[in-house]
Amino acid sequence: MHEQEISVGSGILLVEPFYGGSHKQLIDLLKKNVVDCSVFTLPAKKWHWRARTAALYFSQTIPYCASYRVLFSSSVLNLCELVALRPDLSNLKKVLYFHENQLAYPVRKEQDRDFQYGYNQVLSCLVSDVVVFNSHFNMDSFLSSIPSHMKKIPDHRPKNLDELIRPKCVVLSYPVQFPDVTRLLPQHKLLKLQATVTYHSDHSSCQEHKCLMQRCDEEPCQSFCQPCAVQRPECGEPFSDQGKPLHIVWPHRWLEAVHCGCFPLCPKALVYPEIFPVQYLYSTPEQLFKRLKELCKRPGIARRHVVKVDTSKFSWTSLKPQFWTLLTDGRP
């Protein structure tokens, strides 16, 4: 059974300069569920060039249409340039979605950060009507970095830009279409997921994720920045079975990993404290190694544990009404 489509009428422009990965998944999800929308994208390659030049390209490819009412785009697009080149789009409700922000995106050295990318995102926020972040960390790190970023300008610096942008900002989690994994989980974990699975009507098949697997007798994690998850046992494995080694995986998508039964261990940094209770967080590589060592010696701890994270609040079913509001006349 497919979820009911959102009928918001014609005139929704979905624009994505970097149509790949999570950016593609979000656009595809909106396209599937929003009636009569128009989608304009560019392939997910040469990211820096997309950020620099996509606005000019879209200004020539998006047709003139009097029925457009809402423009939704990721922050890769220089929205300021687009509405300047296409004044007819300036009157639309303009929604800018931040998957990540260039003021806090990791670089080896701060002097390696390209000023223009973050500056373009600030300009895009200033011309937007609603600025959406996928987490509070994403929003706060962006807004708090604006003053220091503008100090790089030699003189005649703009002021109070963060105060101008903040009232437009909302946090709306990235929506996930969780698969039905009930047949894969041991019985004690089904109780936790029963409400979540019942909550969903779309039982699409689970996409396989490539994971790096490591036995418990290998070297400990060397990178403090990389989270890891302890994988559930095979279906039907008895709790008393301590013979099988625990598998350690580095999943590309967490909210999916926990839904599928993984025990999370994440850094006490970035967005992780927003999602995971303190019992799943570590502060140093030594703490991570200690936790992993304990779990490898006593794998039953992870295998019997039911993760205390409500993944349903990150589901498309739960977030759909907020996206509906975003693409009509109100705010989430």
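Good morning. I shall begin with the largest pocket, which has 47 residues in its lining; nearest its centre lie His 99, Glu 100, Tyr 105, Asn 134 and Arg 253. Please keep in mind throughout that this is a predicted model.

How much space lies in the largest pocket? The figure is about 1,900 Å³. As to the class of the residues in its lining, 24 are nonpolar, 15 are polar and 8 are charged. Several helices contribute to that lining. At least two residues each come from α1 (21–33), α2 (47–61), α4 (115–127), α5 (136–150), α8 (254–259) and α9 (272–275).

Let me turn now to the salt bridges. How many does the structure hold? There are 3, and I shall take them one at a time.

The pair I take up now is Lys 24 with Asp 28, whose closest N and O atoms are 2.7 Å apart. Both residues belong to helix α1, where they are 4 residues apart, so about one helical turn separates them.

We come next to Arg 86 and Asp 88. Their salt bridge has its closest N and O atoms 2.8 Å apart. Arg 86 is buried, at 1% relative accessibility, whereas Asp 88 is partly exposed, at 30%.

The remaining pair is Lys 94 and Asp 129, whose side chains meet in a salt bridge with an N to O distance of 3.4 Å. Which parts of the chain does this pair tie together? Lys 94 lies in strand β4, residues 93–98, while Asp 129 lies in the loop between α4 and β5 (130–133); the pair therefore ties together parts that are 35 residues apart in sequence. With regard to accessibility, Lys 94 is buried, with a relative accessible area of 5%. Asp 129, by contrast, counts as partly exposed at 36%.

To close, I return to the two themes of this talk. The largest pocket holds about 1,900 Å³ of space and has a lining of 47 residues. The structure also holds 3 salt bridges, among them the one within helix α1 between Lys 24 and Asp 28. Thank you for your attention.

Key:
Residues are numbered from 1 along each chain as its sequence is written. This is a predicted model: local features need pLDDT of at least 70, side-chain atom pairs count only at pLDDT 80 or more; totals for chains, interfaces and linings use all residues. Side-chain values use heavy atoms; hydrogens and water are left out. On a 1 Å grid over the protein atoms alone, a cavity is a set of points where a 1.4 Å probe fits but cannot get out, and a pocket is an open set with protein on both sides within 12 Å along at least five of seven lines; lining residues have an atom within 4 Å of a point. Grid points are joined across faces, edges and corners, and a volume is the space filled by probe spheres set on the points. Ala, Val, Leu, Ile, Met, Phe, Trp, Tyr, Cys and Pro count as nonpolar, Asp, Glu, Lys and Arg as charged, and the others, Gly among them, as polar. A salt bridge is a side-chain nitrogen of Lys or Arg within 4 Å of a carboxyl oxygen of Asp or Glu. Buried means under 20% relative accessible area, exposed over 50%, partly exposed in between (1.4 Å probe, protein chains only).
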